[in-house]
Amino acid sequence: KIIPVKVVKVKEQLISVPLFSIGKVYSKMETTLSFKTGGIIKNIYVNDGHRVKKNQTLARLDLSEIQNSVDKGQVNLDKTKRDLKRAENLYKDKVITLEALQNAQSAFDVSSADLKILKFNLEYSTIKAPSDGLILKKMSAEDELINSGTPIFEFAGTGQNWIIKSGLVDKEVVKIVVGDTAKISFDAYSNEVFNGWVSKISNAPDPTNGTYEVEISLREIPNSIRKGFIAKIELQPSKKKQYKIIPIEALAEADQNAGVVYLAIKDRTKKVNVIIETILQDQVLVFGDLNSNDLVISEGISEVNEHSVIEVL
């Protein structure tokens, strides 16, 4: 039986195949804010979700004890300064030894350094916003006794600091490099597409799911963007690979990434196994024992096998 078929030439081309992924929005300046010293929280001025300005006061400790320590340190500095002045005069008159003068100098230096530390602690007994941003979470309350370094707020800086984090499996992450472009869409902003680029690629997999974290920076920041927004990502690798291109109708069989096509060689068929890389609209990118300009059967394929006699229409 002679089976009529139609054929298409195999094409070969360097192509960059896009990768598709899902990610979440994060702030690159996300951090915790705490007091340098311990004590009792006297005032907290903001709550979860509040937007704040740079240097805005967010919380303050009860400063009574700390201020008293500063005052005491100032008194001690004034005393050691007077002692040093007296020692200098006595040393000029050869009443005291050089060692006594040096001891007075050391006492003054120590008290000066102590006062600087106390003033530093006083300054950092108030939490101020490091930049314009958003209070993600308030973690303490007024009148609470806290230790030095206890987190009081989770804070996220705003401006141009929003990024998207996504996870890629090993066979995907090797296809991209830092600087590759991306198109991003959000459910929160329907029908809008934003541009970005790959700004960081992790060298080690996440131990919980085995994926490699990819960080994508946004070129345009959507209005009212929030941490946790879900992003749909289309990555465009700059690396291109040589692919064989056939129409999707030429696939006689397909099982995951394994496929079968039939070549037309004069009036006979030849079965060829191929590896399916991806499907782009009505075309399939494949690897396998195919050459450019080979003729693959695209119509009548359901009638043929590897021993068929054909007539090319």
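This report describes selected helices, strands, residues and a pocket of one predicted model.

## Basis of the model

The model is predicted: local features need pLDDT of at least 70, side-chain atom pairs count only at pLDDT 80 or more, and totals for chains, interfaces and linings use all residues. Residues are numbered from 1 along each chain as its sequence is written, and side-chain values use heavy atoms, with hydrogens and water left out.

Helices (H or I, at least four residues) and strands (E, at least two) are DSSP runs, numbered from the N terminus.

## Helix α1

Helix α1 covers residues 64–92. The expected span of a helix is 1.5 Å times one less than its number of residues. Just after α1, Lys-94 takes a positive phi of about 60 degrees.

Ile-66, Val-70, Gly-73, Leu-77, Thr-80, Leu-84 and Ala-87 are the buried residues of α1. Buried means under 20% relative accessible area, exposed over 50%, and partly exposed in between, with a 1.4 Å probe and protein chains only. The cover over these residues includes β7 (57–61) and α2 (98–123); contact means heavy atoms within 4.5 Å.

## Strand β7 and its partners

Two strands pair if DSSP finds at least two bridges between them. Strand β5 (residues 39–44) runs antiparallel to β7, and 3 bridges join them. Ile-41 has Leu-61 in β7 as its bridge partner.

β7 also pairs with strand β8 (residues 126–128), in the antiparallel sense and over 3 bridges. Here Arg-60 stands opposite Thr-126 in β8.

## An open sheet of four strands

An open sheet is formed by 4 strands in the order β4-β11-β9-β6, with antiparallel pairing. β4 (31–34) and β6 (51–52) stand at the edges; each has a single partner strand, so one side of each is left without a neighbour in the sheet.

Within this sheet, strand β9 (residues 133–138) and strand β11 (residues 151–157) run antiparallel and are joined by 5 bridges. The bridge partner of Leu-134 in β11 is Ala-156. In general, strands of a sheet pair through backbone hydrogen bonds, either parallel or antiparallel.

Ser-166 lies in strand β12 (residues 162–168) and counts as buried because its relative accessibility is 6%. A polar atom of its side chain lies 2.9 Å from the backbone oxygen of Ile-22. Leaving aside neighbours within four places in sequence, Ser-166 is in contact with residues including Ser-21, Ile-22, Gly-23, Tyr-212 and Ile-233.

His-307 is in the loop between β22 (295–299) and β23 (309–312). With a relative accessible area of 66%, His-307 is exposed. Not counting residues up to four places away in sequence, His-307 touches Arg-268 and Thr-269. The C-alpha atoms of His-307 and Thr-269 are separated by 6.3 Å, although the two residues are 38 residues apart along the chain.

## The largest pocket

On a 1 Å grid over the protein atoms alone, a pocket is an open set of points where a 1.4 Å probe fits, with protein on both sides within 12 Å along at least five of seven lines; lining residues have an atom within 4 Å of a point. Grid points are joined across faces, edges and corners, and a volume is the space filled by probe spheres set on the points.

The largest pocket holds about 370 Å³ of space. It is lined by 15 residues, of which Leu-19, Lys-171, Lys-175, Glu-277 and Thr-278 are the closest to its centre. The elements that give two or more residues to this lining are β3 (19–27), α3 (170–173) and β20 (268–280). β20 provides the largest share of the lining, 6 residues.

How values were computed. A polar contact is a pair of N or O atoms within 3.5 Å; within protein, one must be able to donate a hydrogen and the other to accept it, and residues adjacent in sequence count only if both atoms are side-chain atoms.
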